[in-house]
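Below is a colleague's note on the structure shown here.

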Amino acid sequence: ELCHLAIGAIERSGHRRVPYWFNEGLCVHISGRLPLPGEGWLPQYIARDIAIPLVDLQMRFPENSTAMRVAYEQSVDIVRFLDRNFSETTIKDICRRVARGETFDQALLAETDLSMEQLEQNWLSSLGMGNTLIAFFLRRLDIFALISILALVAFMRYLIRRSRGLKRLERLDDMEQGGPA
């Protein structure tokens with residue numbers, strides 16, 4: 001919520017609004033929130049060429065729950081695209097420009113040399129269908145997710161080794177008791 005308050009202060013300072021997709025996407029991105037179970041609609045929508053145009057996410061998100069989830073995921077992914085593909089201060093500089101009274105479109109163009117339409121097209125191109133679900137999740141892989149995956153792999157290896165060890169012990173017991181080898 002602090003992020004929304006900060007963006008509200010930026011908007012009041014410059015008497016300009018940032019698009020709803022940028023506000024929500026930036027706040028989720030900054031929070032570092034990991035995806036929740038049931039999220040992950042974006043690749044399916046992109047695969048079916050059903051991405052929600054940014055112009056439709058300027059003022060609000062859709063009321064339909066599925067489309068709303070996609071709108072959130074899409075918004076976060078576009079903000080992450082900005083963060084990955086431009087300087088580390090690009091997002092801050094866009095916010096500073098809006099606080100000084102520039103429109104979001106002017107600030108975006110000044111900091112990225114892209115119009116909102118070009119940003120959207122570049123983002124969609126970056127997702128390309130050469131990107132699979134695995135690539136989608138790898139783009140979002142952070143240190144906590146990596147640690148979780150490694151812990152799961154280590155635990156599975158432990159279970160497999162333990163199972164093999166128990167089978168060996170059973171065979172040794174059978175051999176000591178004169179049972180089948």
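1. Helix H6 spans residues 104-112, and its buried residues are Phe-104, Ala-107, Leu-108 and Thr-112. Buried means under 20% relative accessible area, exposed means over 50%, and partly exposed is in between, with a 1.4 Å probe and protein chains only. Helices (H or I, at least four residues) and strands (E, at least two) are DSSP runs, numbered from the N terminus. Viewed down the axis of H6, the buried residues fall within an arc of 100°, so they line one face of the helix. The arc is taken over the directions from the helix axis to the C-beta atoms.

2. A word on the basis of the values. This is a predicted model, in which local features need pLDDT of at least 70 and side-chain atom pairs count only at pLDDT 80 or more, while totals for chains, interfaces and linings use all residues. Residues are numbered from 1 along each chain as its sequence is written, and side-chain values use heavy atoms, with hydrogens and water left out.

3. What do the buried residues of H6 pack against? Their partners are helix H2 (20-31), helix H4 (65-85), helix H5 (90-99) and helix H7 (116-127). Contact here means heavy atoms within 4.5 Å.

4. In H5, the buried residues are Thr-90, Ile-91, Asp-93, Ile-94, Cys-95 and Val-98. These buried residues of H5 pack against H1, H2, H4 and H6. Just after H5, Gly-101 takes a positive phi of about 110°.

5. H5 and H6 pack with their axes 9 Å apart, at an angle of about 140°. Axes are lines fitted to C-alpha atoms, for helices over the stretch in contact, and angles run from 0 to 180 degrees between N-to-C directions. H5 and H6 are therefore oblique to each other. On this scale, angles under 35 degrees count as roughly parallel, over 145 as roughly antiparallel, 65 to 115 as roughly perpendicular, and the rest as oblique. The crossing of H5 and H6 is right-handed. A crossing is right-handed if the near helix is turned clockwise from the far one by less than a right angle, and left-handed if anticlockwise. On the H5 side, Thr-90, Asp-93, Ile-94, Arg-97 and Val-98 meet Phe-104, Ala-107, Leu-108, Ala-110, Glu-111 and Thr-112 in H6.

6. Helix H1 (residues 2-14) and H2 have axes that come within 9 Å and cross at roughly 135°. The two helices, H1 and H2, are therefore oblique to each other, and their crossing is right-handed. From H1, the contact uses Cys-3, His-4 and Ile-7; from H2, it uses Asn-23, Glu-24, Leu-26, Cys-27 and Ile-30.

7. The loop between H1 and H2 holds His-15 and Arg-17. For His-15, phi is near 55°, a positive value in a residue other than glycine. His-15 counts as exposed at 71% relative accessibility, and Arg-17 counts as exposed at 60%. Leaving out residues up to four places away in sequence, Arg-17 touches Glu-11 and Phe-104. Arg-17 and Gln-58 are 41 residues apart in sequence, with a C-alpha to C-alpha distance of 9.5 Å.

8. Asp-113 lies in the loop between H6 and H7. Although Asp-113 is not a glycine, its phi is positive, at about 60°. Is Asp-113 buried or exposed? At 62% relative accessibility, Asp-113 counts as exposed.

9. A pair of aromatic rings is described by the distance of the centres and the angle of the planes. Rings of Phe, Tyr and Trp (its six-membered ring) pair if their centres lie within 6.5 Å; planes under 30 degrees apart count as stacked, over 60 as edge-to-face and the rest as tilted. By this rule there are six aromatic pairs. The rings of Trp-21 and Phe-22 have centres 5.8 Å apart and planes at 90°, so this pair is edge-to-face. Trp-21 is buried, with a relative accessible area of 0%, and Phe-22 is buried at 0% relative accessibility. Ring pairs also link Tyr-20, Phe-61 and Tyr-72 into a cluster.

10. For the protein as a whole, the secondary structure comes to nine helices and zero strands. Buried residues make up 32% of the 181 residues. Of the contacts between residues at least 6 apart in sequence, 64% join residues at least 24 apart.
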